[in-house]
Amino acid sequence: MWNKLSILCVGLCCFQLGYSQEWLGQSKEQIRLKIESKGTEAVIVSVSDTVFKINCSEEDERCRKFNVSYLFRIKEEICISYRRILPIHSYWAITLRELILQQDANGSGNELDIDGETLLTDYVFDGYSLHLSLENNQLVLSFTSQ
């Protein structure tokens, strides 16, 4: 029983780690196909040569559904940055904290209180940076290629 739980926990952590920055370097078509393959309810809201937005529903391991939006910036057909717009919830803060600790990111900036969890506004990872902000009662994660 404990082995199954351990494997599940490690799998979920790895999923969250890969999920955090998986869109950087991908084409619009690759992003669309990956989102559709995850079985999430996704709607492409707008598309241009340099920007496109997707609204979708994402589910955590406790089967809670969250409305999430992505705003992708495209240069030469490749995603160079994107914003992930989430509801303010401790689940997202805890998931981010795990990512930051496991990937040994360098943090700086001001402290943010996200539903009782404290994180900094800026983190630098290997190959990308992450900026956190609170806008219109939502948590905004801005990922940028280095």
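## Basis of the description

Because the model is predicted, local features need pLDDT of at least 70 and side-chain atom pairs count only at pLDDT 80 or more, while totals for chains, interfaces and linings use all residues. Residues are numbered from 1 along each chain as its sequence is written, and side-chain values use heavy atoms, with hydrogens and water left out.

## Overall make-up

The protein chain contains 3 helices and 8 strands, where helices (H or I, at least four residues) and strands (E, at least two) are DSSP runs numbered from the N terminus. Read from that end, the elements follow the order α-α-β-β-β-β-α-β-β-β-β.

Of the 146 residues, 37% count as buried, a term that stands for under 20% relative accessible area with a 1.4 Å probe, protein chains only. The chain exposes about 8500 Å², and carbon and sulfur atoms supply 51% of that area, as computed by the Shrake-Rupley method with a 1.4 Å probe.

## Strand S4 and its partners

Strand S4 (residues 78-87) runs antiparallel to strand S3 (residues 65-75), and 7 bridges join them; two strands pair if DSSP finds at least two bridges between them. S3 and S4 form a hairpin with 2 residues between them, and Glu76 in this turn has a positive phi of about 50°. Within this pairing, Phe72 has Tyr82 in S4 as its bridge partner.

S4 is also joined by 7 bridges to strand S8 (residues 138-145), again in an antiparallel arrangement, and here Leu86 stands opposite Leu139 in S8.

Methods. Buried means under 20% relative accessible area, exposed over 50%, partly exposed in between (1.4 Å probe, protein chains only).
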